[in-house]
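Let's take a friendly walk through a protein structure together. Please keep the sequence and the 3D view open as you read.

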Amino acid sequence: MTIAASKTSKNEVQKAKEMVRTVIAHHFGSRKPRRIVYKASGLSNFVFSVDHDEGKFVVRLSFDPTRLNSFIKEQWAHEAARKAGVPVAEILEVGNEFIGNPYMISRTIDGNEATHETENRTKILKEMGHYAALINTIKTKGFGSSFEWSGNQLSHNESFKDYLKNELRVEEKLTVLEKHRVLNDTQLHRLNAIFNDASKTSRKPHLNHGDIRLKNIIVNGKGEIQAVLDWEHAISTLAPEWEMSLALHDLSIDEKQDFLEGYGISEKKLRDAKPLISAFNILNYASVIDHLAQAKEKGKLEQYRTRLMGTLDLYSLA
């Protein structure tokens with residue numbers, strides 16, 4: 001079974017590689033790429049680096065036809081962010097013509113992933129915060145993953161309340177957390193109250209990158225950010241709460257403060273935003289909790305209970 005799966009994977013990669021060759025030939029005319037190298041694949045994308053007479057490029061390709069919408073959304077977010085002053089990779093083309101599958105061609109950004117940068121860490125985190133703030137100034141219409149980029153008005157959530165119900169599925173996820181006793185009764189009541197209060201907001205949505213973390217930042221040798229990558233999770237919603245629930249997630253407390261200094265948020269505004277930031281963060285664990293429970297991973301589940309009940313928060317008595 002393992003051998004067959006491996007063979008199928010190689011066949012898929014080869015098939016995708018030939019599609020990339022066709023896409024590049026279409027975009028640049030009859031000139032063929034000098035080299036195509038398979039880099040990685042996720043749940044739905046194949047990623048290839050391409051050397052061509054015109055330069056170096058990245059091609060992302062999917063066998064899932066619905067991925068075209070995701071690529072179009074990324075292209076919209078890239079352009080909006082670029083206009084706001086955020087460095088992004090140049091997207092040359094998005095489409096599904098000629099090969100029948102969605103693809104995106106973008107220009108390669110020289111530099112290294114910021115995750116591996118230690119010497120200029122503070123500088124990078126402050127600059128990340130600054131760019132996150134710029135992204136969050138971009139006004140959008142509607143709440144959720146479908147907004148201006150999509151012409152399908154039926155998929156738009158007109159209010160934050162609609163988004164919480166239809167897309168974030170707050171009630172369903174709260175049920176998961178309650179079922180598996182991840183939070184105590186007081187915490188569940190508090191979490192429900194936070195979302196209930198938030199659902200009444202009249203605040204307007206803004207663009208959120210949705211995953212602005214070190215792994216999606218490219219820096220040069222001086223620790224200067226060259227590009228913010230991976231806009232797959234871009235979303236129109238409240239900012240900075242959604243952005244920070246993800247951006248601050250895996251940073252140390254000192255790194256969090258570096259990011260926030262770069263963002264420029266006041267201490268009072270941060271404290272006011274904190275309940276919803278935490279609520280988003282906790283809710284995003286619901287699918288993980290459900291998976292662990294179904295897999296009967298009792299040890300891991302207990303670790304997540306420790307985390308989400310706040311036991312690891314050693315800096316406050318909240």
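The report below covers helix packing, strand pairing and a few individual residues.

This is a predicted model, in which local features need pLDDT of at least 70 and side-chain atom pairs count only at pLDDT 80 or more, while totals for chains, interfaces and linings use all residues. Residues are numbered from 1 along each chain as its sequence is written, and side-chain values use heavy atoms, with hydrogens and water left out.

**Helices that pack together**

A word on terms first. Helices (H or I, at least four residues) and strands (E, at least two) are DSSP runs, numbered from the N terminus. Two packed helices are described by the angle between their axes and the distance between the axes. The axes are lines fitted to C-alpha atoms, for helices over the stretch in contact, and angles run from 0 to 180 degrees between N-to-C directions.

Start with helix 3 (residues 121-135) and helix 8 (residues 253-263). Their axes come within 6 Å and cross at roughly 45°. Helix 3 and helix 8 are therefore oblique to each other (angles under 35 degrees count as roughly parallel, over 145 as roughly antiparallel, 65 to 115 as roughly perpendicular and the rest as oblique). The crossing of helix 3 with helix 8 is right-handed; a crossing is left-handed if the near helix is turned anticlockwise from the far one by less than a right angle, and right-handed if clockwise.

Which residues of helix 3 meet helix 8? Among them are Leu125, Met128 and Ala132 in helix 3, which side includes Arg121 as well, and the helix 8 side includes Phe259 and Tyr263. Contact here means heavy atoms within 4.5 Å. By class, the contact of helix 3 with helix 8 has 6 nonpolar, 4 polar and 5 charged residues. For these classes, Ala, Val, Leu, Ile, Met, Phe, Trp, Tyr, Cys and Pro count as nonpolar, Asp, Glu, Lys and Arg as charged, and the others, Gly among them, as polar.

Now look at helix 6 (185-198) and helix 9 (residues 267-283). Helix 6 and helix 9 pack at an angle of about 115°, with their axes 10 Å apart, and helix 6 passes helix 9 in a left-handed crossing. The contact involves residues including Leu191, Ile194 and Phe195 of helix 6 and Leu276, Phe280 and Leu283 of helix 9. By class, the contact of helix 6 with helix 9 has 10 nonpolar, no polar and 1 charged residues.

**Strands and their partners**

Strands of a sheet pair through backbone hydrogen bonds, either parallel or antiparallel. Two strands pair if DSSP finds at least two bridges between them.

| Strands | Bridges | Direction |
|---|---|---|
| strand 3 (residues 55-61) and strand 5 | 5 bridges | antiparallel |
| strand 4 (residues 91-95) and strand 5 | 4 bridges | antiparallel |
| strand 8 (residues 217-219) and strand 9 | 3 bridges | antiparallel |

In strand 5, Tyr103 is the bridge partner of Leu61, and Ile105 is the bridge partner of Glu93.

Elsewhere, an open sheet of 3 strands has the order 6-8-9, with antiparallel pairing. Its edge strands are strand 6 (112-113) and strand 9 (225-228), each pairing on one side only. Helix 3 packs on this sheet, touching strand 8 and strand 9, and its direction makes about 45° with that of strand 9. Within strand 9, Ile225 is the bridge partner of Val219.

Ala132 sits in helix 3 and, at 0% relative accessibility, counts as buried. Leaving aside residues up to four places away in sequence, Ala132 touches Ile212, Glu243, Phe259 and Tyr263.

His180 is in the loop between helix 5 (170-179) and helix 6. Arg169 lies in the loop between helix 4 (160-166) and helix 5 and is partly exposed, with a relative accessible area of 36%. Lys296 lies in the loop between helix 10 (286-294) and helix 11 (298-308) and, at 68% relative accessibility, counts as exposed.

Finally, the peptide bond from Ala239 to Pro240 is cis, with omega near 15°. Pro240 is found in the loop between strand 10 (235-237) and helix 7 (241-247).

Methods: Buried < 20%, exposed > 50% of the residue type's maximum accessible area, 1.4 Å probe, protein only.
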